[in-house]
Amino acid sequence: MRFLKNLAAAAALTLCALPALPVHAADLGGAPITFISPFPPGGGTDLLTRMVGNAIGQDTHWNIVVENKPGAGGNLALDATARARPDGHTLVMAQTDNIVLNPWLYTKLSYDVFKDFRPVGLAASSPSVFVVLPDSPYKNIADVVQAAKAKPGQISLGIPGIGGSGDLIGHLWGKAAGMELMHVPYRGWGQAFPDLMSGRIAVYTGSVATLLPQIRSGKVRALAVVAASRSPALPDVPTFAESGFKTITQTIWWGLFAPGKTPDDVIATLNTELNRALAQPELVKKLEEAGYSVMKGSPDDLARQLRADHDIFGKVVQEAGIPKQ
């Protein structure tokens with residue numbers, strides 16, 4: 001009996017001394033991996049999704065396919081991802097304007113952003129930028145504030161949709177500056193530009209990725225960007241923080257999400273390959289030239305970003321009295 005006890009003790013000590021077995025990377029080869037873009041082909045999100053997907057595919061030899069599923073403010077894409085098999089072969093390139101804001105803007109959603117998705121990792125950000133015509137009397141955002149205080153509710157701000165990030169940042173700016181702007185919603189830049197040219201709106205806001213070609217061509221002039229630091233694509237344009245509004249730094253971000261029950265090893269593998277791709281100098285250069293800033297990090301980093309912005313923008317939506325659809 002004593003021999004058996006000693007043998008068991010020796011075996012236990014031997015097992016304790018063995019090194020921990022490595023966690024094997026998930027095998028995602030073979031079947032295609034679908035990256036769902038919540039917007040039509042040719043737009044900023046589509047471009048970002050394809051550039052990131054191509055970079056990952058080249059590194060891993062995975063067969064990555066981009067599927068555009070626009071509609072309902074991104075809800076169609078998010079719903080499709082939430083319902084997909086949780087095996088790492090369906091991901092969505094979600095962003096602030098859908099996965100953060102939709103719970104505050106829609107009465108009924110088919111998904112719960114905190115239960116039906118697993119964060120994979122942040123991909124990129126692109127700050128909002130406020131623009132005017134080249135000959136506008138507003139040379140900076142201080143000029144807009146001065147005019148808005150002199151004529152409350154009469155200085156018009158064009159926004160890409162009610163309840164979007166541009167709309168909410170406009171409300172944040174109005175509250176911080178003690179002014180009232182008249183928000184005029186549009187489906188996008190194409191619809192807003194004629195009204196900016198005709199003088200119906202004085203200022204327009206959209207992402208740097210969307211408006212960069214218009215800024216570079218001289219069709220509009222940038223006043224300021226909403227970010228903690230200047231955009232690499234617009235190094236001469238100040239931030240709102242530099243202009244006296246230190247709390248207005250909320251950028252628009254994009255991140256990859258998987259269905260909610262995706263296993264840990266699959267999430268870890270996807271995050272590793274996403275960060276590896278985002279470290280490629282060639283991809284970084286392409287993204288920055290397109291108006292994006294690269295963001296990397298862990299799934300937990302994306303989860304914290306989602307929660308923080310959900311709480312911040314939810315409060316803004318409620319204070320602004322924006323009704324749910």
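Is Phe 117 buried or exposed, and what is its relative accessible area? In this predicted model, Phe 117 has a relative accessible area of 4% and is buried, because buried means under 20%. Phe 257 likewise counts as buried, at 1% relative accessibility.

**The nonpolar cores**

The largest nonpolar core has 48 residues, and those with the most contacts inside it are Ile 99, Trp 173, Phe 240, Trp 253 and Phe 257. At least three residues of this core come from each of domain 1 (33–125 + 251–320) and domain 2 (127–243). A second, separate core of 32 residues includes Ile 56, Ile 64, Ala 209 and Leu 287. Beyond its neighbours within four places in sequence, Phe 257 is in contact with a set of residues including Thr 81, Leu 91, Ile 99, Phe 117, Pro 119 and Leu 306.

**Aromatic pairs**

| Pair | Distance of centres | Angle of planes | Arrangement |
|---|---|---|---|
| Phe 117 and Phe 257 | 6.4 Å | 80° | edge-to-face |
| Phe 130 and Trp 173 | 5.3 Å | 80° | edge-to-face |

The pair of Phe 117, in strand 4 (residues 117–126), and Phe 257, in strand 10 (residues 252–259), links distant parts of the chain, 140 residues apart. The pair of Phe 130, in strand 5 (residues 128–132), and Trp 173, in helix 7 (residues 165–177), also links distant parts of the chain, here 43 residues apart. Both Phe 130 and Trp 173 are buried, and together with Phe 240 and Phe 245 they form one aromatic cluster.

A charged residue also meets a ring: Arg 307 lies over the face of Phe 114, at 3.8 Å from the ring centre.

Methods:
Residues are numbered from 1 along each chain as its sequence is written. This is a predicted model: local features need pLDDT of at least 70, side-chain atom pairs count only at pLDDT 80 or more; totals for chains, interfaces and linings use all residues. Side-chain values use heavy atoms; hydrogens and water are left out. A nonpolar core is a set of buried Ala, Val, Leu, Ile, Met, Phe, Trp, Tyr and Cys residues joined through side-chain atoms within 4.5 Å. Buried means under 20% relative accessible area, exposed over 50%, partly exposed in between (1.4 Å probe, protein chains only). Domain bounds come from an automatic or database domain assignment. Contact means heavy atoms within 4.5 Å. Rings of Phe, Tyr and Trp (its six-membered ring) pair if their centres lie within 6.5 Å; planes under 30 degrees apart count as stacked, over 60 as edge-to-face and the rest as tilted. Helices (H or I, at least four residues) and strands (E, at least two) are DSSP runs, numbered from the N terminus. A charge sits over a ring if NZ of Lys or CZ of Arg is within 6 Å of the ring centre and within 35 degrees of the ring normal.
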